[in-house]
Amino acid sequence: MNAIETTGLCKRYGNKNVVNQLNIQVPKGSVYGFIGRNGAGKSTTQKMVCGLINSTEGNIQLFGKPVNDPSVRSKIGTLIEQPGLYPGMTALENVILQGYSIGIDSPKQKALEALEMVGLSKAAKKKAKNLSLGMKQRLGLAIAMLGNPELLILDEPINGLDPEGIVQLREVIAKLHEEHGATIFISSHILGELSKIATHYGIIKDGELVEQITAEELANKRKDYLSVKVENANEAAAILKQELKNVSCQITADDEIHIPNFKDSKLVNRILYSNDFNVIEVFLHQQDLEEYFIELMGGKDYE
């Protein structure tokens with residue numbers, strides 16, 4: 001079963017479709033990384049899934065039921081853009097209030113547990129207005145997690161966090177996924193962090209789905225290559241093609257030799273050394289999620 005499934009989903013503002021014919025499937029129990037440039041339609045999509053805004057066209061189902069079904073609304077926790085906090089209330093009071101609003105009896109203990117999970121126990125008595133941006137993000141996550149939702153929808157939750165906070169948030173998300181079986185639908189521009197936890201990806205451009213792929217499929221599609229820095233790159237490449245038979249050698253603008261899908265650096269080094277080439281460096285380059293995404297977007301920066 002899919003936790004989220006959209007069919008022909010559109011959102012139009014004026015004459016422009018911000019989201020256009022979007023068909024995504026977020027499997028139950030997955031961590032689904034939702035990726036796209038700023039303005040690609042990620043937040044709009046997540047708001048429609050949460051029921052915060054209505055779609056212009058199309059259909060959304062959560063756990064096989066309509067998005068407005070009360071039985072599924074109670075299964076969702078959300079953090080979209082900035083968390084909605086009461087600035088004059090403490091961090092603990094904000095979480096407790098959310099507990100009452102979703103029907104948790106005596107929610108103080110659950111609120112304390114949620115603050116502990118996101119590393120805000122020591123700030124429980126601080127008023128929300130006195131928290132840093134990163135702490136407000138973590139407080140928003142604590143509120144979203146309250147009640148152990150089956151589906152957690154997070155829009156750029158890493159924004160404003162310092163490196164320690166990013167690691168902590170990643171660990172919290174991994175724990176929710178692994179120990180509680182929660183489905184996580186998360187957008188983020190920090191693709192290096194996203195790649196450490198995501199099991200599935202949806203890549204969106206100008207409101208349309210470009211690709212939907214599992215982490216395993218992405219690993220198999222990655223364009224890895226052996227990079228060789230050597231004097232006389234053209235001559236060295238000719239020797240490597242002759243000795244290695246069924247390999248291709250690409251020479252870059254920086255006079256590096258790239259050998260796609262080849263990993264035996266010792267063999268390459270031995271061939272070049274025995275042919276009197278001065279090898280400067282040999283290393284295996286593995287394409288990461290960010291490089292894959294930028295290539296998919298046409299080679300330009302995604303910000």
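Predicted model: local features only at pLDDT ≥ 70, side-chain atom pairs only at ≥ 80, totals over all residues.
Residues are numbered from 1 along each chain as its sequence is written, and side-chain values use heavy atoms, leaving out hydrogens and water.

**Exercise 1.** Work out the strand order of the open sheet and find which helices pack on the sheet.

*Solution.* 
1. Strands are DSSP runs of E, at least two residues, and helices are runs of H or I, at least four, numbered from the N terminus. Two strands pair if DSSP finds at least two bridges between them.
2. Reading across the six strands gives β7-β8-β9-β4-β10-β11, with mixed pairing.
3. Strands β10 (200-205) and β11 run antiparallel and share six bridges; Tyr201 stands opposite Ile213 in β11.
4. Helix α1 (42-50) touches β4, β7, β8, β9 and β10, while helix α6 (163-180) touches β4, β8 and β9.

**Exercise 2.** Decide whether Ser187 is buried or exposed, then find its side-chain polar partner.

*Solution.* 
1. Locate Ser187 in strand β9.
2. Buried means under 20% relative accessible area, exposed over 50%, partly exposed in between (1.4 Å probe, protein chains only). Ser187 has 0%, so this residue is buried.
3. A polar contact is a pair of N or O atoms within 3.5 Å; within protein, one must be able to donate a hydrogen and the other to accept it, and residues adjacent in sequence count only if both atoms are side-chain atoms. The side chains of Ser187 and Asp155 make one at 2.8 Å.

Key:
Contact = heavy atoms within 4.5 Å. Axes fitted to C-alpha atoms, helices over the stretch in contact; angles between N-to-C directions.
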